[in-house]
Each structure stands twice: as C-alpha cells, then as structure tokens.
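Trainee: I have a model open and would like to walk through it. Can you help me read it?

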Amino acid sequence: MITQIIYKALLASFILVLSLVVAMYSTLIERKVAGWFQDRHGPNRAGPWGLLQPLADGLKLFFKEEFMPASADKFLYILGPSLTMFVALLTSAAIPWGPDIVINGVVYPMQVADVNIGILYVFAILSIGVYGIMIGGWASNNKYALLGAVRASSQMISYELAMSLSIITIVMMSGSLSMREIVAQQHGFHWNILYQPLGFLIFLVCAFAETNRAPFDLPECETELVGGYHTEYSSMKLGFYLFAEYINMFISGAVMATLFLGGYHFPGIDKLGLSPNVFAFVSFMVLFTKITFFGFIYMWIRWTLPRFRYDQLMKLGWKSLIPLAILNVVITGVVILLNQ
Amino acid sequence: MKNLTNRSKIVSNKKMSFRERIYFPAILGGMRITFGHLFRRKTTVQYPEVTREFSDIYRGKHVLKRDDEGRERCTACGLCAVACPAEAITMVSAERKPGEEHLYREEKYAIVYEINMLRCIFCGDCEEACPKEAIFLTPEIVKSEYQRDRFIYGKDVLVEPADPAKRVDVSKRQTAKVLEFKKDKRYKHNK
C-alpha cells in the first residue's frame, strides 16, 4: 500500500515535471518551427541550437517588474494565472501514459488516477480552464482585457459543445468513460481515428479553439485587443498564462492521442516480445511521439492560417461543427444498432 | 489601367462554393506550402560568424588619409563640413608650427576633426567635396555603442595609421575615372 502511494507520488511528480519541461521546450520549438516555416533559423544563440533559450526566457520573466494596475482586484488578479496554470496541470492525471510496469511481481499502472469517468473528468477540468482567463481579464480592469476574456469564454463554451459531442461517439463505441478502457480497446491498430474520422476532425478543430491557438487565438488577438486577456499582466504572471497555453497543447495532444490515435498502442505491438518494463517504456515513447506529432500540427497550423474573424468563429462552431457532430452521433448510433 | 504583371486576380464577392466553404482543401493547400518552406535554404546571414559580401565601394566608416610620407592630408578647409547634408562634420583648424612638417602636409591642419556617426548618412559627399583627397569612406562598418557620445568619432579613430603596412586601401574608390572627374575645371584647385 505504502509503496503504491509512493509510486503514485513519484509518477505524479514525474508527469508534472514532464509537462513543465515539455511546455518549456515547446516555446523554443515553436519559435524554431516558426523560423523554419519562414526560411529563418529561429533562436540559435543561447547554447547549442538555442537549447538554453527557454531558461533565458524564464529567467527574464522572473526578473521583470511585477506590475499590477492600481484599479485591479488584487485577489482575482493573482487568482487568474494561478487557476489557469493549476487547471492546465490537472488534466494529465487521468491519462494512461503506458501499460503496467511490473517490479518484484507487483503491478504498477502508468496512470496517476484510473478514474472510471476519466473523460468526464478531463472535460470538467477543461471547462474550469475558462475561469482562469475570464477572472484574469475581468480583474485587470482594462477594456481590452475584458474583451479578450469575454471572447475567450464564449469561444470556449461554444466549442466545448462540439467537442463533447464528438467524444460521445467514442463513448458509444467503447461503452466506457474510462480512459484506460478506451485505450485498451484500441489495441494494435484498431485506432478510433479509423472508425471516427469525422469525430477526430471535429475534436481537432475544437482542441485548437479550446487551447486558444491560432487560427482561433481571438482572446489574445494582438492586432485588435493589444494583448487580449493578459494585456495587464507582466512578469511571471504573464509567464503562467503563456506557459499554460503550451501545457494545454501538450495535454490536449495527449488526450487526442489517447482517444483517437490508440494511446500508447502501435501496430505490431504483440510481435515484439519485450519484457514488461521495456515494453512499457517503448509504449510510453510511442505515446510521446504521437503527442509530439500533435504539437507539431498545432505549430504548423499556427504558421499557416490567418486568424478567424469572430463571426466566422461563431458560425463555424454553432452552424457547422455542432450539426456535424450531432450527425456523427446519429450515424454512429445507427451503425452500432445495425451491428448488434 | 494596364497590368504591370500578369499575376493580378480579379476579386469578386461571389458566394463561396461548397469546396471553399468547408475550408479543409484550402487549409491543406496552405499547409503543403508552409511545409515546403520547412526544408528551404535559410536566408539568414549568421552575422558575427558570417558576413555578407560587401561591395568594394561600400560607404561605411570614414578614414582620414595620410600622404606617401605619412603626413596628414587634411588641411581643414571645411569643404566637407559644408558639403555634408547631415551636418555631421565639425573641425577646428590650427597653424602648423615649425618642426611639424613631417606631421602635416600643408601649413594649416585640423587639430580637431569630428564626425557624428549618428548624424552621418554615409552619402559620400564629403569625399567628393574634398580637394585634398583626404577623406574617404571605407567598407568598414560603424560599430554599435552603448553611449551616444561615443559615436562622435575624433581624429584618434578617423586618421589612418602612419605605418605603411597598416594604411587603408582606398584605391577602389579612387579609380582613374574618379581622378579624371575630379580634374574637371570646376575642381581646378585640386591640382
């Protein structure tokens, strides 16, 4: 029992550190990829290939002046970025990072919490995420920040609907809300993306909107709203907001990989004949590769597409994605019924 | 109006077709284009390690030339300061004392000669105005500084070293054609 608790604590801290390090280096990779897309090199001065750039950026954010507007609500102003960061880090608990590890005959699952309503948990946490932005924008007492916050909340609420609807088909197919169960059912190459391509597409689009990434980065829309919801933030509070975005990218990549790309499963998973622990490591790396792939897609899209106009965003969400998602649910239901 | 290129497209506000309305073909097309750029040759010049190729007659930092015997050519006539459109050049003249003949070529010389590099627009008019072939622009770049007053270059920076091996070569800016041009009758004083 004690070993299990220690193991869980270790795993939780490992995943925490992993998300933070990945988010840290995502900022570098984002800038590198942006550079390459624009025929530039990207940052390459701080350390070899710019590897120390995230450290330099972090250091800079820590040492910057901590500015707070005089008319800001102090408590909420601090709560905003804290909540965003907190919520961003919470989601990873329900994600199965790999198959079980066996040490001395005892089985340790590579998942912090095997909640039997894993998907609901993830979505519950995701919807809290909007509060961080809303509170921060509201507390700044700045019209641009408020506009950004209002945009963010309406955008995230609108796209959550289509997102949940696209997930319902996965739940219908697997008959379970547990992330672990859903991954187990995608064993080998029975990935959900092959059965639910439309659902995946809808989920992908909604994930962009949920993480406030381009082309749906209207909440921060620097051309119209100065800096959007974080206009009045500086120093590490701003850092938290920016950082949370990258953690969200990482986690949403993990969720997408788990729900649609078979989690840690890969074709030919049974033929390798590895010992359980090596196998667990390989599987984890496979999952990580899939997440990296999604991270790259995020950046690829960001440096390809211009920002949507707000009415286009709303039209896409309410008039296209939600009807499509409902249609997808209906079709899936009919097919499941016919196959019974 | 006649088109300058044949790449212009006629824009219309027609309703988008279904293909256009679902965005995805266009998005994939865009992603293909950006992906192509991922492996292109980078256009960046990695400056301190690599320098861009400069023209031989690049107009950079000035040099005050000495003559073959190592004497300063400048005679503080002030024509460069007058010609300067940015009013970057100031000078104070002084009379050559007996015994200083090996230092200054003429009886009058510039005891102070300052160019404000923040004002200078590197047009080269000073060089063109100079009757004594004393000032030239070189391909050397004016370095960045932390203080503004350090951009005012005095004689210590501008005058070339007397050591013949360390002389600044301006032959590219002083071709036969240029010399011929300077012999124009309007420059009679230049003989």
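Trainee: In what sense do E2(B) and strand E3 of chain B pair, and over how many bridges?
Mentor: E2(B) and E3(B), residues 108-116, pair in the antiparallel sense over 7 bridges. Strands pair here if DSSP finds at least two bridges between them. Strands (E, at least two residues) and helices (H or I, at least four) are DSSP runs, numbered from the N terminus.

Trainee: Before I go on, what sort of model is this, and how are residues and chains labelled?
Mentor: This is a predicted model: local features need pLDDT of at least 70, side-chain atom pairs count only at pLDDT 80 or more, and totals for chains, interfaces and linings use all residues. Residues are numbered from 1 along each chain as its sequence is written, while chains are lettered from A and ligands numbered from 1 in the order in which they are written.

Trainee: Back to that strand pair. Which residue is the bridge partner of B:Ser93?
Mentor: B:Ala110, in E3(B).

Trainee: What sheet do these strands belong to?
Mentor: An open sheet of 3 strands in chain B, ordered E2-E3-E5, with antiparallel pairing. E2 (89-95) and E5 (152-153) of chain B are the edge strands, each pairing on one side only.

Trainee: How many helices and strands does chain B have?
Mentor: Chain B has 6 helices and 5 strands. From the N terminus on, they run α-α-β-α-β-β-α-β-β-α-α. The radius of gyration of chain B is 27 Å, well over the 16 Å that the globule rule gives for 191 residues, so chain B is more spread out than a compact globule. That radius is taken over C-alpha atoms, and the rule is 2.2 Å times the number of residues to the power 0.38.

Trainee: What does the C-alpha trace of chain B span?
Mentor: About 95 × 40 × 30 Å along its principal axes. Buried residues make up 15% of chain B's 191 residues. Buried takes 20 or more other C-beta atoms within 10 Å of a residue's own, exposed 12 or fewer, and partly exposed lies in between, with C-beta atoms placed from the backbone.

Trainee: How many residues of H2(B) are buried?
Mentor: The count is 0 among its 15 residues, so to speak hardly covered. Helix H2 of chain B, residues 24-38, reaches 21 Å from first C-alpha to last, close to the 21 Å expected at 1.5 Å a residue. The expected span is 1.5 Å times one less than the number of residues.

Trainee: What is the mean pLDDT of chain B?
Mentor: The mean is 85, and 94% of chain B's residues reach 70 or more. pLDDT is the predictor's confidence in each residue, from 0 to 100. For the complex, the predictor gives an ipTM of 0.73 and a pTM of 0.77.

Trainee: What do E1(A) and E2(A) form?
Mentor: A hairpin, with 2 residues between the strands. A:Asn104 in the turn has a positive phi of about 55°. E1 (98-103) and E2 (106-110) of chain A pair in the antiparallel sense over 4 bridges. A:Val102 has A:Val107 as its bridge partner.

Trainee: What covers the buried residues of H11(A)?
Mentor: The cover includes H1 (2-37), E1, E2, H8 (197-210) and H10 (235-259) of chain A. Among the buried residues of H11(A) are A:Leu287, A:Phe294 and A:Tyr298.

Trainee: Last one. Is A:Asn212 buried or exposed?
Mentor: A:Asn212 is buried, with 27 other C-beta atoms within 10 Å. A:Asn212 is in the loop between H8 and H9 (222-225) of chain A, and its phi is near 60°.

Note on methods. Two residues are in contact if their C-beta atoms, placed from the backbone, lie within 7 Å.
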